[in-house]
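Subject: Structure for your review

Dear colleague,

Please find below the structure that I am handing over to you. My notes on it follow.

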Amino acid sequence: MTVTIDDIREAQKRIAGQVDRTPVRYSRRLSQLTGAEIWIKFDNLHFTGSFKERGALNRLLQLTPDEKKRGVVAASAGNHAQALAYHGGRLGVPVTIVMPEGTPFVKVDGTRAHGANVVIHGLDFSGSTEEAKRLQAEHGYVFVSAFDDEGIVAGQGICGLEFLEDAPDLDALIIPIGGGGLIAGSAIAAKAMKPEIKVFGVEAARYPSFTARRRGEPAKCSGQTIAEGIAIKAVGEIPFALADSLIDEVFVCEEADFEKGVALLATLEKTVAEGAGAGGLAAILANPERFKGMKVGVELTGGNIDARMLAVVLNREMVREKRLIVYRILGDDRPGMLSAMAAVIGGRGGNIIDVVHNRLALDVPAKGAEFDIMVETRDSRHAEEIGAALKDQGYELRMG
């Protein structure tokens, strides 16, 4: 079991002209924000929206004529699915994909649009994998793992190869870890090209499978995460064996870190990232001193985020920054109260988004009312100014 830089270079030749070479660009805004020199590889710009195309195509091109005729089956939360479906369709290889329940609609629809047969089965990736293996045995399909396959690892390693060809002065690469295929291949390529480079991984706190494996502990993985693309309960055997000695450190990030990364990539870089795709930036934001002054290559793995979820994340970030705030005010239930409060808020430049009256809460007087007024502000200081103005006018703020 081995994957070398030569294997990765062969994979690069094999897929040449069939997969876009995504750009690597310096981010002045994110560099100013974090104190690190940040270079981003925009793998969200692939046709199917993620880095998975390189590995999927490389593996499909290695099938025998008989295997191509039988077709392939895979378990995937969406990105591997779309890549396999798209390139399988191009090559005339039948593709069946098993996706977990709760997979974002954009990924399900995208996979079907490329012509794959989609089966929704299992509460998580593990359940989907069991069903995919059952279908493999029943129909004679070739099982193509999203990460636990040397052909996949070699294909994903092209990412690291391209990164250092385009930005050879980097001190470090930071790559999200799900099953481990991307970081394994990229670490092999990067360390072969520049032995002194650091390779960092990123995991979601709810799915720290690589970190647990390193510690010799059972992985405690459960729950929903915005980084569903790396929500893997068990890192792949092949990627772990290849990557463990090459990865310098793995950062485990909370949900808020991923959300902030998605929001900043949208607002500062004007690019769309899914939760897992923002993992590299999330790790830098959570550990700024660790990366200060370093030239860091951030792998933006994909942009297949549901539009509704993107809207939720952006609004939640506004709440964190107090650019969207709810003033809960206890007042008399009489005509003119709301307009008087609105005059105070509007007079300080706040924009009222929504108002909710609560008259039935038992801690509100029978002749009173509780007003939840959602207000758009410029920033946290502006929000505090509006709150202070309301208090100065005698209004009782129960929650700011």
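Leaving aside neighbours within four places in sequence, Ile8 is in contact (heavy atoms within 4.5 Å) with Val3, Ala154, Gly157, Ile158, Leu161, Gly185, Ile188 and Ala189. This is a predicted model, in which local features need pLDDT of at least 70 and side-chain atom pairs count only at pLDDT 80 or more, while totals for chains, interfaces and linings use all residues. Residues are numbered from 1 along each chain as its sequence is written, and side-chain values use heavy atoms, with hydrogens and water left out.

Ile8 also belongs to the largest nonpolar core, which has 38 residues; Ile8 is among those with the most contacts inside it, as are Val3, Leu170, Leu173, Phe210, Leu242 and Ile247. Such a core is a set of buried Ala, Val, Leu, Ile, Met, Phe, Trp, Tyr and Cys residues joined through side-chain atoms within 4.5 Å; buried means under 20% relative accessible area, with a 1.4 Å probe and protein chains only. At least two residues of this core come from each of α1 (5–15), α8 (150–166), β7 (172–176), α9 (181–193) and α11 (237–243). Helices (H or I, at least four residues) and strands (E, at least two) are DSSP runs, numbered from the N terminus. A second, separate core has 34 residues, including Ala36, Ile40, Met294 and Leu310.

Two helix pairs deserve mention. The axes of α12 (residues 255–267) and α15 (residues 307–320) come within 9 Å and cross at roughly 100°; axes are lines fitted to C-alpha atoms, for helices over the stretch in contact, and angles run from 0 to 180 degrees between N-to-C directions. α12 is therefore roughly perpendicular to α15, a term for angles of 65 to 115 degrees. Ala256, Glu259, Lys260, Val262, Ala263 and Ala266 in α12 meet Leu310, Val313, Leu314, Arg316, Glu317 and Arg320 in α15.

In the other pair, α1 and α3 (residues 53–60) pack at an angle of about 85°, with axes 10 Å apart, and are therefore roughly perpendicular to each other. Here Ala11, Arg14 and Ile15 in α1 meet Arg54, Leu57 and Asn58 in α3.

Finally, His382 is found in α17 (residues 380–392). His382 counts as buried because its relative accessibility is 1%. Apart from neighbours within four places in sequence, His382 is in contact with Arg348, Gly349, Gly350 and Thr377.

Yours sincerely

Terms used
Buried means under 20% relative accessible area, exposed over 50%, partly exposed in between (1.4 Å probe, protein chains only). Angles under 35 degrees count as roughly parallel, over 145 as roughly antiparallel, 65 to 115 as roughly perpendicular and the rest as oblique.
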